[in-house]
Amino acid sequence: MTGSYRRVLLLAGYICIAIVTSAQVQKQQPISAGKKISADLFGLFFEDINYAADGGLYAELVQNRSFEYSPTDRREWNPFSYWEYITPGFSYGSVQVETTSPVHPNNPHYIVLNIEHAGDAGVGIRNPGFDGMVVKAGDVYTLSLFARSLTDIPVSLAVSLQTPKGKILAEQKFSTPSKEWKKYTASLVPSIYSDSASLVILATTKGKLAIDVVSLFPEKTFMNRQNGLRPDMAQALADMKPKFIRFPGGCLVHGDGLGNMYRWKNSIGPVEQRIEQKNIWGYHQTAGLGYFEYFQFCEDIGAKPLPVLPAAVSCQNSGGTWRIGGTGQKAIPMEEMSDYIQEVLDLIEWANGPVTSTWGAIRAAAGHPAPFNLEYIGIGNEDKITPEFEQRFKMIYDAVREKYPAVTVIGTVGPFPEGDDFSRGWVYARHLAVPVVDEHYYKNPEWFMSNLDRYDTYNRNQPQVYLGEYASWDNKLKNAIAEAAYMTSLERNGDVVRMASYAPLFAKKNHTQWKPDMIFFDNSTLYFTPNYYVQKMFSINQGNVYFDGVVSKNQNDTTLATSCVQDSKTGDVILKLVNTNRESKVMKISLANFKGISPTAGLTILSGDADAENSFEHPQNIVPVQTSIKVSRNFEHTAPPMSLSIIRIKTKR
């Protein structure tokens with residue numbers, strides 16, 4: 001008997017057997033007429049942490065493609081890191097990094113190969129990518145590089161994909177006659193699969209050649225976009241049907257000092273003209289996955305873009321000052337604020353402006369003449385609420401509100417759900433009438449279960465909440481189910497909680513700076529945590545009207561949580577029933593308020609051992625099981641131990 005079959009039989013037993021003990025006193029609450037809640041409640045937050053972008057979602061296979069790695073990124077790195085100088089076949093020559101005459105000033109480093117004697121194979125370089133390149137037999141990989149001949153006689157190149165033992169999987173040859181920087185391309189089609197290939201570039205004739213921006217992309221990216229995304233990772237996000245995506249990060253945005261802030265203009269345009277920099281999480285950002293790619297991905301999957309820009313102050317933990325109380329916040333000088341404010345306004349014009357506008361024309365030139373229809377913009381992330389922050393935030397907020405009143409500004413109230421920055425941030429947000437503020441917290445499961453009423457008492461006439469980052473401190477099922485219980489409270493309070501997103505999203509094997517995470521991956525595979533499944537189950541079952549009193553349960557049982565929403569577009573009624581107990585629990589459902597109920601409903605259950613989790617070795621240890629059940633105006637559901645049950649009921653329109 002297979003594991004999935006056993007799960008189905010087990011679930012069928014839970015559905016059919018409803019035993020109510022004397023301790024499980026059911027109290028029927030009055031059924032409400034329904035209240036409108038946010039139509040943008042559940043989305044995603046992408047931060048370039050844990051190698052989520054370069055070496056992850058961004059499909060580029062070459063590491064340090066532009067020779068811009070440096071000790072600023074990591075003490076042991078330099079512009080030639082992850083490259084190897086090779087002289088096979090008794091060849092000899094030299095290689096050096098230069099900055100005299102680059103492809104573009106924003107991309108200053110390049111290498112010069114001096115081929116004194118080509119020997120039997122040539123003089124060249126090898127790049128293993130990010131822990132080895134995964135290439136598939138028969139797939140097309142596009143090689144591109146910029147080259148400039150420094151001698152009168154053109155240099156011939158042989159570019160290939162090779163195994164660690166030197167077996168050639170694919171090869172192309174071409175000449176580089178131009179004495180000016182020129183982009184050369186070639187298609188490589190491997191003959192066999194390899195998960196540890198390297199890109200090898202060999203100069204096979206005598207001469208001197210400058211090389212930069214060496215790129216290798218699979219032709220098969222998500223939606224076949226150029227400079228695109230790894231398809232399996234992108235599809236995992238698309239499958240969640242998120243209402244929005246917040247990007248490009250949190251701490252990444254305000255950076256490790258003012259010079260490390262994420263400046264959006266540095267991330268658009270041709271990749272050879274983008275400005276690379278240190279990633280605050282201890283590695284490097286190529287900006288290949290930049291603002292255009294983020295906005296395009298949002299559009300591709302039907303999610304609203306939510307870019308986050310610095311509030312003109314750096315992270316308070318800059319320089320490692322988190323060790324001494326977070327005293328490292330620096331502020332952009334006041335004499336530079338007008339330029340910075342214009343940078344923020346330019347983003348909105350770039351996203352929404354007509355092709356006749358300055359920045360709308362730049363967007364159109366990149367291949368997207370239609371506006372991106374930006375609705376939200378975040379200003380700041382977990383910032384320490386200092387006078388310097390308040391002054392600069394107000395300047396930015398006022399400017400955006402005046403020029404673009406239709407764009408909703410999302411403010412920040414510090415990194416914790418309580419404390420000085422939280423209190424000061426809320427006071428200031430109320431004072432300015434900021435429409436939405438961004439709360440963050442990472443807590444244990446017990447905290448989430450103890451705070452299911454957190455937003456019940458929030459003033460509906462004050463700023464709404466975007467819960468931009470939250471997670472329970474692990475990836476076990478019990479953590480995910482605690483998050484599910486909390487998410488029912490977000491739905492219940494969806495008239496004041498406007499948006500919510502789990503964090504972080506991705507984590508690469510052997511390159512993880514933060515846990516927990518939603519999706520773990522390596523170069524060829526990924527696995528979903530129970531937390532991912534909870535987020536997906538809520539996200540694909542969103543509604544825009546909330547109903548109280550539909551589900552009745554033992555009101556004294558704090559291990560249970562429920563919600564009922566309706567999707568006004570489809571008419572579907574969606575029940576979410578959470579049991580964090582280690583025993584099954586019975587809940588009663590009354591659909592008296594709804595007309596035209598279909599007698600058959602869809603049921604999805606995520607359940608298992610509280611400490612169970614998924615892994616690369618056992619990726620399907622915990623997975624949702626789907627089936628169907630019979631429903632009526634009044635029926636019961638027995639929730640398995642440690643479970644999230646979602647019942648989706650169709651109605652006749």
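Me: How are α7 and α8 placed relative to each other?
Reply: α7 and α8 are roughly parallel to each other. Angles under 35 degrees count that way, over 145 as roughly antiparallel, 65 to 115 as roughly perpendicular and the rest as oblique. This is a predicted model, where local features need pLDDT of at least 70 and side-chain atom pairs pLDDT 80 or more, while totals for chains, interfaces and linings use all residues. Residues are numbered from 1 along each chain as its sequence is written, and side-chain values use heavy atoms, with hydrogens and water left out.

Me: What angle do the axes of α7 and α8 cross at?
Reply: Roughly 30°, with the axes coming within 12 Å. Axes are lines fitted to C-alpha atoms, for helices over the stretch in contact, and angles run from 0 to 180 degrees between N-to-C directions. Helices (H or I, at least four residues) and strands (E, at least two) are DSSP runs numbered from the N terminus; α8 covers residues 420-432.

Me: Which residues meet there?
Reply: On the α8 side, Arg 424, Tyr 428 and Leu 432. α7 brings Pro 387, Glu 390, Gln 391, Phe 393, Lys 394, Tyr 397 and Arg 401.

Me: What else does Phe 393 touch?
Reply: Leaving aside neighbours within four places in sequence, Phe 393 is in contact (heavy atoms within 4.5 Å) with Ala 311, Ile 379, Val 409, Gly 411, Tyr 428, Leu 432 and Val 434. Phe 393 also belongs to the largest nonpolar core, which has 123 residues, and is listed with Phe 46, Tyr 291, Trp 350, Tyr 455 and Leu 490 as touching the most other members. A nonpolar core here is a set of buried Ala, Val, Leu, Ile, Met, Phe, Trp, Tyr and Cys residues joined through side-chain atoms within 4.5 Å. Buried means under 20% relative accessible area, exposed over 50% and partly exposed in between, with a 1.4 Å probe and protein chains only.

Me: OK, α5. How does α5 pack against α7?
Reply: α5 (residues 337-352) and α7 (residues 387-403) pack at about 40°, their axes 10 Å apart. The two helices are therefore oblique to each other. α5 contributes Met 337, Tyr 340, Ile 341, Val 344, Leu 345 and Ile 348 to the contact, and α7 contributes Arg 392, Met 395, Ile 396, Ala 399, Val 400 and Lys 403.

Me: There's an Asp in α5, Asp 346. Buried or exposed?
Reply: Asp 346 counts as buried because its relative accessibility is 8%. Beyond residues up to four places away in sequence, Asp 346 touches Trp 264, Lys 265 and Trp 359.

Me: And Leu 258, where does that lie?
Reply: Leu 258 is in the loop between α3 (251-254) and β15 (277-279). Leu 258 counts as partly exposed because its relative accessibility is 29%. Leaving out residues up to four places away, Leu 258 touches Val 313, Ser 314, Lys 330, Ala 331 and Ile 332.

Me: Switching to the sheets. What is the strand order in the open sheet of 7 strands?
Reply: β1-β26-β28-β29-β34-β31-β32, with antiparallel pairing. Strands pair if DSSP finds at least two bridges between them. β1 (35-36) and β32 (625-630) are the edge strands, each with a single partner, so one side of each has no neighbour in the sheet.

Me: How many residues of β29 are buried?
Reply: In β29 (residues 573-579), 7 of 7. Val 573, Leu 575, Leu 577 and Asn 579 point one way, Ile 574, Lys 576 and Val 578 the other.

Me: What does β29 pair with?
Reply: β28 (residues 560-566) joins β29 through 7 bridges, running antiparallel, and Gln 566 has Val 573 as its bridge partner. The two strands form a hairpin with 6 residues between them, and Gly 571 in the turn has a positive phi of about 85°.

Me: Which helix lies across β29?
Reply: α10 (residues 477-492), at about 135° to β29. α10 also lies across β1, β26 (545-546), β28, β31 and β34.

Me: What about the sheet of 3 strands, what is its order?
Reply: β27-β30-β33, open and antiparallel. β30 (residues 585-590) and β33 are joined by 6 bridges, with Met 587 opposite His 637.
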